[in-house]
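Me: I would like to learn how to read a few features of a structural model, one at a time. Could we take them in turn, with the general idea and then the case at hand?

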Amino acid sequence: MLLDKCSRLRIVATSRELLHLDEEFVAVAQPLPRATDAAELFLRRVTESGHVPEPGDLNQVTELCAYLDGLPLALELAAGALRHCTIEDLPRRPRHELSRDEDEIRPLGPHRHDVLRTALGWSHELCTPSERLLWARLPILHGYLDEDAAAALCSGGPLPSLGVRHALASLLDKSVAPLRLGRLLLVDTVREYGDLWLAELGELNAMANMHAGYFLAQARRADATWTSAEQTGWYRTITDLFVSSVGLTASLAGS
């Protein structure tokens with residue numbers, strides 16, 4: 001209504017989801033560059049909390065920023081956690097469990113953001129049942145998400161193949177699976193949260209078996225057509241398969 005009455009009005013809004021307005025201009029807020037802006041934010045917050053980093057901590061700070069996907073909220077919480085542990089200890093803690101004690105100074109922002117897992121849970125609750133189920137199943141695919149593979153592996157039960165594609169598009173709109181370089185990607189913080197739900201659903205072994213069967217079939221197809229004109233395409237696919245298989249092995253080892 002305001003836009004109808006005030007033609008020159010401009011509204012700046014932050015949202016995890018597109019508003020789908022006719023004249024909407026979207027500026028995507030990507031994670032901070034790990035070696036520069038993310039490290040600077042972390043060191044600033046660490047200094048404000050009274051912790052003085054040692055010169056030898058700088059390499060570990062960069063590694064920590066990579067571990068936390070360059071997410072500002074995670075970096076804020078990690079800086080507060082240094083009251084009780086060292087920078088070396090932080091990468092050993094699950095990303096989604098970073099928190100501050102109640103008697104510590106809270107970061108600016110809503111109280112629900114005090115714990116990263118709570119923030120993810122809030123975003124999770126705003127998803128539909130189909131989107132939440134897909135969120136739980138998607139971590140079986142590592143690296144960039146392929147829509148066809150997601151439809152083949154994540155469908156089943158109340159989530160049909162077409163439903164996977166619709167839910168995947170919705171998770172893109174909700175910034176759960178953002179676009180990076182034109183392809184969908186789950187950051188590790190979001191992936192770990194999905195892993196928790198997959199374990200709660202008791203589907204980890206079933207998904208692992210489906211994953212193995214699907215990619216074994218893909219590998220056999222690649223072998224059968226390797227000497228054809230499709231070799232270049234299969235070479236890229238096999239590279240993606242390797243990344244996915246390594247990620248799955250890591251997930252199963254940690255479960």
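Reply: Let us begin with I11, which in this predicted model lies in the loop between α1 (2–5) and α2 (34–48).

Me: Is I11 buried or exposed?

Reply: I11 counts as exposed because its relative accessibility is 59%, and the cut-off for that class is over 50%. I11 also belongs to a nonpolar surface patch with L3, L19 and L21, and together these residues have about 390 Å² of accessible area.

Me: How should I read the sheet, and what is its strand order?

Reply: In general, the strands of a sheet pair through backbone hydrogen bonds, in either a parallel or an antiparallel sense. Here three strands form an open sheet in the order β1-β3-β2, with antiparallel pairing. Because β1 (144–145) and β2 (179–180) stand at the edges with a single partner strand each, one side of each is left without a neighbour in the sheet. The antiparallel pairing of β2 with β3 (residues 183–185) runs over two bridges, and R180 stands opposite R183 in β3.

Me: How many salt bridges are there, and which residues do they join into one network?

Reply: The general idea is that side chains of opposite charge can pair when their charged atoms come close. The count in this model comes to five salt bridges. One of them joins R44 and E40, whose closest N and O atoms are 3.1 Å apart; both residues lie in helix α2, four residues apart, which is about one turn of the helix. Another is the salt bridge between the side chains of R165 and E147 (2.8 Å, N to O). Since R165 lies in helix α8 (residues 161–173) and E147 in helix α7 (residues 147–154), this pair ties together parts that are 18 residues apart in sequence. R165 also forms a salt bridge with D148, with the closest N and O atoms 3.2 Å apart, and the shared partners join E147, D148 and R165 into one network.

Me: Where is R137 found, and which side chain makes a polar contact with that of E203?

Reply: R137 is found in helix α6 (residues 129–137) and is buried, because its relative accessible area is 6%, where buried means under 20%. E203, in the loop between α9 (188–201) and α10 (204–224), makes a side-chain polar contact with the side chain of R137 at 3.0 Å. Leaving aside residues up to four places away in sequence, R137 touches several others, including C154, L159 and M207, while E203 touches R137 and L198.

Methods:
Residues are numbered from 1 along each chain as its sequence is written. This is a predicted model: local features need pLDDT of at least 70, side-chain atom pairs count only at pLDDT 80 or more; totals for chains, interfaces and linings use all residues. Side-chain values use heavy atoms; hydrogens and water are left out. A polar contact is a pair of N or O atoms within 3.5 Å; within protein, one must be able to donate a hydrogen and the other to accept it, and residues adjacent in sequence count only if both atoms are side-chain atoms. Contact means heavy atoms within 4.5 Å. Two strands pair if DSSP finds at least two bridges between them. Patches are made of residues with over 30% relative accessible area and no salt bridge: like charges are joined within 9 Å, nonpolar side chains (Val, Leu, Ile, Met, Phe, Trp, Tyr) within 5 Å. Accessible areas come from the Shrake-Rupley method with a 1.4 Å probe; for residues, only the protein chains shown count as cover. A salt bridge is a side-chain nitrogen of Lys or Arg within 4 Å of a carboxyl oxygen of Asp or Glu. Buried means under 20% relative accessible area, exposed over 50%, partly exposed in between (1.4 Å probe, protein chains only).
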